[in-house]
Amino acid sequence: RLEDYKYALSRIGNESVYSYFVTDKVLGWLVAFATLGIQIGILVFFVVASEANLQDDAIDIQFTWKCPRDTYACENTAGLTDAGW
């Protein structure tokens with residue numbers, strides 16, 4: 001059992017919060033699961049926020065070229081000159 005404990009800590013790292021999974025203490029498990037839950041929550045938040053509907057004109061991303069499906073010609077809608085304004 002002690003060899004397994006040392007091996008697990010060597011793989012996880014002594015200073016990692018996930019080392020609490022190796023202990024028999026309930027508080028350690030709670031800290032580890034809370035950390036895991038927070039990390040998953042942050043991941044879900046960023047994944048949901050990154051999914052943009054690129055066909056929606058109300059998104060923050062601005063595309064300057066519009067290419068209608070029914071024509072071969074595209075038009076630049078930026079209204080910028082070669083100087084950039």
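Reader: In what order do the elements run from the N terminus on?
Author: The order is α-α-β-β. Keep in mind that this is a predicted model.

Reader: How many helices and strands is that?
Author: Two helices and two strands.

Reader: Switching to cysteines. How many disulfides does a search of the whole structure find?
Author: One.

Reader: Which residues does the disulfide join?
Author: Cys67 and Cys74. Their sulfur atoms lie 2.1 Å from each other. The cut-off for calling a disulfide is 2.5 Å.

Reader: And what is the handedness of the disulfide?
Author: Right-handed, because the torsion about the S-S bond of Cys67 and Cys74 is about 120 degrees.

Reader: Where does Cys74 come out?
Author: Cys74 is partly exposed too, with 38% relative accessibility. Buried would mean under 20%.

Reader: OK, whole protein now. What share of the residues count as buried?
Author: 8% of the 85 residues.

Reader: What does the accessible surface come to?
Author: About 7900 Å². Carbon and sulfur atoms account for 60% of that surface.

Reader: Last one, contacts. Of those between residues at least 6 apart in sequence, what percentage join residues at least 24 apart?
Author: That figure is 0%.

Notes. Residues are numbered from 1 along each chain as its sequence is written. This is a predicted model: local features need pLDDT of at least 70, side-chain atom pairs count only at pLDDT 80 or more; totals for chains, interfaces and linings use all residues. Side-chain values use heavy atoms; hydrogens and water are left out. Buried means under 20% relative accessible area, exposed over 50%, partly exposed in between (1.4 Å probe, protein chains only). Helices (H or I, at least four residues) and strands (E, at least two) are DSSP runs, numbered from the N terminus. Contact means heavy atoms within 4.5 Å. Accessible areas come from the Shrake-Rupley method with a 1.4 Å probe; for residues, only the protein chains shown count as cover.
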